[in-house]
Amino acid sequence: MNKNTVLGWATLIMIIVGLGLIGLGAFKYEDVAGWGFATVGIGFFAIAWVFDALKGRV
């Protein structure tokens, strides 16, 4: 596996984890903790976006 493949897998995993965290925040924890889970999920999306932007440049 080269660097671009690793970044692609990392992007996919980060998106899946981000969706899971947003899902937990929306459906399981409906109090203040849900806002925290959803915020961290959005942060995972931001990091996945950076990983996707780095593909081909590293």
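This is a predicted model: local features need pLDDT of at least 70, side-chain atom pairs count only at pLDDT 80 or more; totals for chains, interfaces and linings use all residues.
Residues are numbered from 1 along each chain as its sequence is written, and side-chain values use heavy atoms, with hydrogens and water left out.

**Exercise 1.** Identify the partner of Asp52 in its salt bridge, and classify the accessibility of Asp52.

*Solution.* Asp52 pairs with Lys55, and the closest N and O atoms are 3.4 Å apart. Asp52 has a relative accessibility of 38%, and therefore counts as partly exposed, given that buried means under 20% relative accessible area, exposed over 50%, and partly exposed in between (1.4 Å probe, protein chains only). Lys55, at 36%, is likewise partly exposed.

**Exercise 2.** Determine how H1 is oriented relative to H2.

*Solution.* Helices are DSSP runs (H or I, at least four residues), numbered from the N terminus; H1 covers residues 3-28 and H2 covers residues 32-54. Their axes, which are lines fitted to C-alpha atoms over the stretch in contact, lie 8 Å apart at an angle of about 165°, on a scale from 0 to 180 degrees between N-to-C directions. H1 is therefore roughly antiparallel to H2, a label for angles over 145 degrees.

Methods: Helices (H or I, at least four residues) and strands (E, at least two) are DSSP runs, numbered from the N terminus. Angles under 35 degrees count as roughly parallel, over 145 as roughly antiparallel, 65 to 115 as roughly perpendicular and the rest as oblique. A salt bridge is a side-chain nitrogen of Lys or Arg within 4 Å of a carboxyl oxygen of Asp or Glu.
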